[in-house]
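Dear colleague,

Please find the structure that I am handing over to you below. My notes on it follow directly after.

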Amino acid sequence: MASPSSSSFWSIASRQAMNSGLFITKLYCFLHVTTNYLGFMAYAYGPSMIPTLHPSGNVLLAERISKRYQKPSRGDIVVIRSPENPNKTPIKRVIGIEGDCISFVVDPLKSEKSQTIVVPKGHVFVQGDYTHNSRDSRTFGPVPYGLIQGRMLWRVWPFQDFGPLGPTPSELTN
């Protein structure tokens with residue numbers, strides 16, 4: 001027969017385990033709702049978005065709650081699920097929305113060959129700010145709205161650049 005002190009130990013231990021389990025469940029639910037429906041942190045690295053983003057890496061805050069996330073405007077920076085590799089989530093700028101006629105140089109490093117397309121309904125045309133080193137809609141074509149994972153709002157890191165993402169490169173030159 002168990003002594004009274006050992007049964008109270010197990011009673012306290014089981015109560016603590018239930019409380020801890022409940023806390024972990026609540027935390028998981030909160031994080032799930034936050035990242036799937038409100039917003040999330042994204043890490044961007046590489047040269048494709050120079051000068052807007054640093055090639056050595058940026059931590060950005062993306063949102064998923066507004067209508068603008070679901071149907072972005074020209075100039076918005078978005079994170080997409082790559083049409084070529086679903087395990088990758090590149091960050092690019094929207095330069096064309098459905099119905100836009102987009103002319104672009106196919107591969108600026110190798111030739112001057114240009115192409116013109118009309119962005120189909122339900123799609124956007126995305127491109128890196130540094131066009132000489134970016135895999136984007138020039139390579140894989142217009143991106144369906146369903147592959148847009150979020151719209152970038154704020155740069156969180158590096159700290160010296162903390163704040164909302166600035167104007168597009170073309171607005172910088174005007």
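Are R93 and D129 buried or exposed? Both R93 and D129 are buried (buried means under 20% relative accessible area, exposed over 50%, partly exposed in between, with a 1.4 Å probe and protein chains only).

Please note that this is a predicted model, in which local features need pLDDT of at least 70 and side-chain atom pairs count only at pLDDT 80 or more, while totals for chains, interfaces and linings use all residues. Residues are numbered from 1 along each chain as its sequence is written, and side-chain values use heavy atoms, with hydrogens and water left out.

Salt bridges

The whole structure contains six salt bridges (a side-chain nitrogen of Lys or Arg within 4 Å of a carboxyl oxygen of Asp or Glu). One of them joins R93 to D129, with the closest N and O atoms 2.8 Å apart. This pair links distant parts of the chain, since R93 is in strand β4 and D129 in the loop between β7 and α3, 36 residues apart. Helices (H or I, at least four residues) and strands (E, at least two) are DSSP runs, numbered from the N terminus.

Another salt bridge is formed by R151 and E63, whose closest N and O atoms are 3.0 Å apart. R151 lies in strand β9 and E63 in strand β2, so this pair ties together parts that are 88 residues apart in sequence. Both R151 and E63 are buried.

R135 forms a salt bridge with E84, with a distance of 2.4 Å between the closest N and O atoms. R135 is in the loop between β7 (123–127) and α3 (137–140), and E84 is in the loop between β3 (77–80) and β4, 51 residues apart. E84 is partly exposed, with a relative accessibility of 41%.

Cis peptide bonds

The peptide bond from I50 to P51 is cis, with omega near 10 degrees. P51 lies in the loop between β1 and β2 (58–63). W157 and P158 are also joined by a cis peptide bond, with omega about 10 degrees; P158 is in the loop between β9 (148–157) and β10.

Strand β10

G163 is found in strand β10 (residues 163–164) and is buried, with a relative accessible area of 4%. G163 and L60 are 103 residues apart in sequence, and their C-alpha atoms are 9.6 Å apart in space.

Yours sincerely
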